[in-house]
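Please find below a colleague's note, written as numbered points for a reader new to protein models.

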Amino acid sequence: MSLDFDRDSFEKYLHQTVDIVSELYEEKLNRRVFAGKTPDEVLSAFDELLPESETSVESLLEQVRTDVIGSATMNIGPRYFGYITGGGNQVAIMGDMISSALNQNNLKWHSSPISTEMEKLVIRWISQFIGYPDSAAGAILDGGSTANFNCLAVARKNMADEGVAETGMYGLKPMTIYVSEEGHSSFDKAVDMLGIGKKYLRKIPVNDQFQIETEKLEATIEEDRLAGLNPICVIGIAGTTNTGAIDDLEALADIAIKHGMWYHVDAAYGGPAAAVDSVRSQFSGLEKADSVVINPHKWLYVPFEAACILVKEPVKLRKTFSHLPDYLKSDNADDGRTDMMEYQLPLTKSFKSLKVWMTLKAYGAKRLRETIQSDIDKATYLVELIQKSEDFELLAPVPLSIVCFRYTPQGLSEKQLEKVNQRLISEIETDGRIFLTGTRLNSKTALRVCIINPRTTRKDLGLVLDVIRDIGKELY
Ligand SMILES: Cc1ncc(COP(=O)(O)O)c(C=O)c1O
C-alpha cells in the first residue's frame, strides 16, 4: 500500500509548504522572539490520542503554520541573541528539503556515493577555509557535543594501550585530559561516557582574558605524571561558550608536543573566524591540532544540524571507528571508496553535506568571510554603546562576537545589581522583544549577547539596551 500522493496533490502540498516558509521569512521573522507560552499551552494544540485514522495534508500543514510556528522561538530572527544559535540561511533550506526527498544514507560508499564524496569535499573546503591541513579526514555530525565526544574517543583510542578496544580501561593507569575552566560541558559528558572519569578532566584556571593559564597547565600535567597518571590530551578552545575567548593555541600545541599528548581544539563556535583577516592571528596554532571541532551550524550560517570533526591523520580516525560486521561487508570494490561508517560513531546519517556544500557554493568563501567580519563589527558596535552608556558595564573582553555585560543603574549596591540582572534574564524572555541568555563571570551575573545572525542590524543592537532599560527600571 503506497503512502505517496499523485503528482498534482504532491505539488499542491509542496506549494503550500513553500508558502508557509516564505510567510515565515516575510512576516514572522520580526514577531516576538519567545512565543511566551507555558509547556501546557504549547502541548494543548497537539495533545490528542495517537491518531488511528488519516488527517488531510492541507489541514496538517495549516496546523504547522499556526500551532507549530506559533510556538517556535524565532531564532532565525534578528533579535535572537541566545546561546550560540545560528539563524541558518535560505539556500540551505532548499538543500534540506532535497536531502529529505533523496533520503540518502552514507553509511557505506555504495549506499550513497554522492553524499560520501560531497562530505569529503566539504570537509576539505572547511579545512581550507580555517587554515587546517586539507589532508585531514573528518565527518559531519549532529552537534559540537557529539563532535567533541568523537574527537576525545579518537584521542583515547590512539593514546591508550593497544588492548583498550578489547579489554577496556580496567587496570590501566588513569588517563587525564586538560581543558580550561571555560571548557564546554560536552567535555564533562565525554570523559564520563568514555570511562575516563570527570575527576580526570583537569579544569585549568584562566587569566583575565578567559584564556587557559598555560604555566598552570604544564605544572598540572607534570604533577599528574609524577603521581602515576597518564596525561593523554590537551584541549584548546577557539572561542569559548561564555565569552568567545581564544586560548593561546600555539603555546598549547608546544605543550602537547613536549609531553607527547593528543592536541584537540574545540573551535565549534569560533572556528570560522580563523578565516577572517582581522582576527586570524589569534587562531595561530590551530593548524597544529591533531583534531578540531567546527560547527557549520553556528558561525557558518548552516541550519541545524551540522558539526564537523577534522582529524589530521585519517588513519587515526579510522582506527577509532572501524568495525565491520558481516552484514556491512557487501561492498568490496577496490576503487578508492570511503565508507563513512568507519570515520564516525553513527552508522545511518542524513545527507548533511548537501546543505553545507550549497551554502559554501552559493555564498562563496569571500562573502562568508565578510559576513563573519560584519558580525564581529556589530559586536564591536554593541561594546561601544555599552562603554558610552552610564548604566551598563562590560564584563569581559570581546575577541569575537559574544558580548557579556550587565545593567548598572546608578545608586544600586552590588547585591541589588545582582538581583536586578538575575531577574532581567527571565523578564527579557517573557517580554519577547529580544532573546538573550545569562551566565556568571567573576562571581557576577552577566547578560550575554551572541551575534552570529546576519539578519541582526545595528538598530537591533541599540534596541537590546533600550529593552533592558525599559524592563530593568521596573526591577529596583
Ligand atoms: C565551544 C563550544 N563547544 C561545543 C559546543 C556544543 O555544540 P552543540 O551545541 O552543537 O552541541 C558549544 C555550544 O555552544 C560551544 O560553544
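1. In strand β7, Ala307, Ile309 and Val311 point one way while Cys308 and Leu310 point the other way, and all are buried. A residue is called buried if 20 or more other C-beta atoms lie within 10 Å of its own, exposed if 12 or fewer, and partly exposed in between, with C-beta atoms placed from the backbone. Since 5 of the 5 residues of β7 (residues 307–311) are buried, the strand is largely enclosed by the rest of the structure. Helices (H or I, at least four residues) and strands (E, at least two) are DSSP runs, numbered from the N terminus.

2. The model is a predicted one, in which local features need pLDDT of at least 70 and side-chain atom pairs count only at pLDDT 80 or more, whereas totals for chains, interfaces and linings use all residues. Residues are numbered from 1 along each chain as its sequence is written.

3. Which strands pair with β7? Strand β1 (residues 137–141) runs antiparallel to β7 and is joined to it by 5 bridges, with Leu141 opposite Ala307. Strand β6 (residues 291–294) is also antiparallel to β7, over 4 bridges, and here Ile294 has Cys308 as its bridge partner. Two strands pair if DSSP finds at least two bridges between them.

4. Two loops deserve attention here. Glu305 is placed in the loop between α12 (296–299) and β7, and the peptide bond from Phe304 to Glu305 is cis, with omega near -5 degrees. Gln282 is in the loop between α11 (277–280) and β6; this residue is buried, because 22 other C-beta atoms lie within 10 Å. The C-alpha atoms of Gln282 and Ile140 are separated by 25 Å, and the two residues are 142 apart along the chain.

5. Strand β11 (residues 444–450) is mostly covered, as 6 of its 7 residues are buried. Strand β9 (residues 402–407) is antiparallel to β11 and joined to it by 4 bridges; Ile402 stands opposite Cys450. Strand β10 (residues 437–441) pairs with β11 in the antiparallel sense over 5 bridges, and Leu441 has Lys444 as its bridge partner.

6. The hairpin of β10 and β11 has 2 residues between the strands, and within it Asn442 takes a positive phi near 45 degrees. Asn442 counts as exposed because it has 9 C-beta neighbours inside 10 Å. Asn103, in the loop between α4 (90–102) and α5 (113–130), has a phi near 50 degrees, a positive value in a residue other than glycine. Asn103 counts as exposed, with 9 C-beta neighbours inside 10 Å.

7. Which residues come nearest to the ligand? Of the 16 residues around it, these are Gly143, Gly144, Ser145, Thr241 and Ala268. A residue is near a molecule or strand if its C-beta atom, placed from the backbone, lies within 6 Å of it. Helix α6 (residues 144–159) gives the most to this shell, with 3 residues. By class, the shell has 6 nonpolar, 9 polar and 1 charged residues. Ala, Val, Leu, Ile, Met, Phe, Trp, Tyr, Cys and Pro count as nonpolar, Asp, Glu, Lys and Arg as charged, and the others, Gly among them, as polar.

8. On the overall layout, the chain is divided into domain 1 (7–73), domain 2 (97–362) and domain 3 (366–472), with bounds from an automatic or database domain assignment. The C-alpha centres of domain 1 and domain 2 lie 36 Å apart.
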